[in-house]
Amino acid sequence: MRRWLALLVAATTSVVLIALLVPMALLIRAVAENGAMSRATAAAESVNVAVGTPDLELAVQHVARPVTVFLPDGRTLGAPAPRSDAVRLAATGRSVTAEAPGGREVLSSAQSADGTVVIRVFVGDAELARGVREAWGALLALGLALVVLGILLADRLALAVTRPVDGLARVSHRLAGGDLAARAEPGGPPEVRSVALALNHLAGRIGDLLAAERESAADLSHRLRTPLTGLRLDAESLRDPEEAARVGARVDALERAVSAVITDARRRTADRASCDAAAVVRDRVRFWSVLAEDQGREVTVSLPAGELPVAVGEGDLAACVDALLGNVFAHTPEEVPFAVRLERRPGGAGLTVSDAGPGFDAALLRRGGSGGGSTGLGLDIARRTAESSGGSLTVSSAPEGGAVVELVLCVPEADGS
């Protein structure tokens with residue numbers, strides 16, 4: 001917008017200046033020519049009064065410009081000059097101004113006792129254009145200065161409009177990134193202030209709707225506690241102590257998952273959690289290794305030494321790893337090996353889960369799409385988890401066969417600075 005306004009003002013100013021300065025330049029040239037011709041006419045008149053007197057030759061010598069006097073007997077006084085057609089016309093008793101090589105000649109006639117005397121005053125081109133170039137240069141400099149001044153004023157005016165618009169764009173990007181606390185500062189023209197107020201109202205409305213949605217999700221999850229309590233009572237009533245302990249452990253795990261859903265639903269979306277990715281991945285791989293051993297799967301794990309903080313909550317990352325490993329068990333036959341690799345990367349971490357199964361089905365990447373009768377939300381959960389930290393999810397097929405899921409997670413802002 002700033003560039004377009006500058007171009008518009010420059011074009012408009014240029015057109016106005018051309019309409020004003022071109023006639024002014026022509027007027028300056030006409031004034032200069034008229035002044036030179038007036039001085040030449042005055043010089044001719046000063047000689048004209050001396051015609052018929054003995055002081056004629058002295059008067060010609062005192063004129064500070066080329067003057068030629070054509071006498072009736074054919075003689076000339078002053079500067080030599082040819083007897084042109086204009087001179088012969090002036091000899092008939094007329095005053096003439098005519099073009100001559102290198103300038104103009106002013107011809108005046110006077111009567112003497114011997115006949116008509118013609119007085120010729122020559123005005124050169126340099127005198128006709130004296131001061132014109134300097135005046136034109138001043139007009140050109142003035143025009144350029146006015147154009148530059150107009151562009152600067154237009155840029156300041158455009159900046160007063162674009163700065164609030166840029167602020168609105170930054171706030172909208174923050175809102176799109178999940179920062180629902182972002183608000184625009186109303187400023188600029190009334191229309192821009194109205195947009196800023198509307199954006200702030202929209203952000204507040206979105207926050208209210210999301211809060212209500214989170215409360216609804218928490219309420220729905222809380223309703224699961226009642227059947228979980230009944231399931232726990234049934235598990236405790238089992239006669240086999242080992243079976244009761246095993247089912248009770250599963251009920252405890254399910255209850256922890258429900259509690260995590262309630263906590264996550266009540267948490268503000270704008271809150272930025274973080275966790276140690278190495279510890280979470282190690283814990284979840286250990287959990288799934290029991291099932292892998294039952295199915296005869298070989299598990300290869302590669303984890304970095306030390307902590308690896310990422311901008312994802314512990315529960316979210318655990319759910320993400322569970323979703324990726326659950327896909328391996330759900331969509332590959334038993335005894336198919338898989339590998340989990342977590343590595344440090346510039347600005348974050350990379351989690352890769354690969355298997356030697358039949359390969360990747362494009363339906364798995366669509367939310368709700370599944371190739372094995374599941375809900376089809378596993379990869380979508382992983383993708384949303386990665387994108388919440390500023391990362392990404394890519395799914396591909398390995399050259400030797402099998403699927404490769406790569407998750408890129410970013411470090412928290414404090415760690416990445």
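Glutamate 127 and arginine 65 form a salt bridge in which the closest N and O atoms are 2.8 Å apart, a salt bridge being a side-chain nitrogen of Lys or Arg within 4 Å of a carboxyl oxygen of Asp or Glu. This pair links distant parts of the chain, with glutamate 127 in helix α4 (residues 125-128) and arginine 65 in the loop between α2 (56-62) and β1 (67-70), 62 residues apart; helices (H or I, at least four residues) and strands (E, at least two) are DSSP runs, numbered from the N terminus. Glutamate 127 counts as buried at 12% relative accessibility, and arginine 65 is likewise buried, with a relative accessible area of 17%, where buried means under 20% relative accessible area, exposed over 50%, and partly exposed in between (1.4 Å probe, protein chains only).

The structure is a predicted model, in which local features need pLDDT of at least 70 and side-chain atom pairs count only at pLDDT 80 or more, while totals for chains, interfaces and linings use all residues. Residues are numbered from 1 along each chain as its sequence is written, and side-chain values use heavy atoms, with hydrogens and water left out. The mean pLDDT of the chain is 81, and 87% of its residues reach 70 or more, pLDDT being the predictor's confidence in each residue, from 0 to 100. Over residues 366-376 pLDDT stays under 50, and for this segment the model has 20 contacts beyond four places in sequence, a contact meaning heavy atoms within 4.5 Å.

The secondary structure comprises 12 helices and 12 strands, and 37% of the 417 residues count as buried. Strand β9 (residues 338-345) is joined to β10 by 8 bridges in an antiparallel arrangement, two strands being paired if DSSP finds at least two bridges between them. These two strands form a hairpin with 2 residues between them, and glycine 347 in the turn has a positive phi of about 80°. Strand β10 (residues 348-355) is mostly covered, with 7 of its 8 residues buried, and it also runs antiparallel to β12, to which it is joined by 7 bridges. Alanine 349 in β10 is the bridge partner of arginine 344 and, on the β12 side, of leucine 409. Strand β12 (residues 403-410) in turn pairs with β11 (residues 392-397) through 6 bridges, again antiparallel, and threonine 394 stands opposite glutamate 406. The β11-β12 hairpin has 5 residues between its strands, and glycine 401 in the turn has a positive phi of about 105°.

Glutamate 406 also meets arginine 345 in a salt bridge (2.4 Å, N to O), a pair that links strand β12 to strand β9 across 61 residues of sequence. Arginine 345 counts as partly exposed at 26% relative accessibility, as does glutamate 406 at 24%. Within helix α11 (residues 378-388), arginine 383 and glutamate 387 lie 4 residues apart, about one turn of the helix, and form a salt bridge whose closest N and O atoms are 3.1 Å apart. The count comes to 15 salt bridges, and Asp283, Arg284, Arg286 and Asp322 are linked in a network of such bridges.

Helix α5 (residues 132-176) contains leucine 153, which is exposed, with a relative accessible area of 55%. Valine 171 lies in helix α5 but is buried, with a relative accessible area of 6%. Leaving aside neighbours within four places in sequence, valine 171 is in contact with Ala182, Arg183, Ala184 and Leu199.
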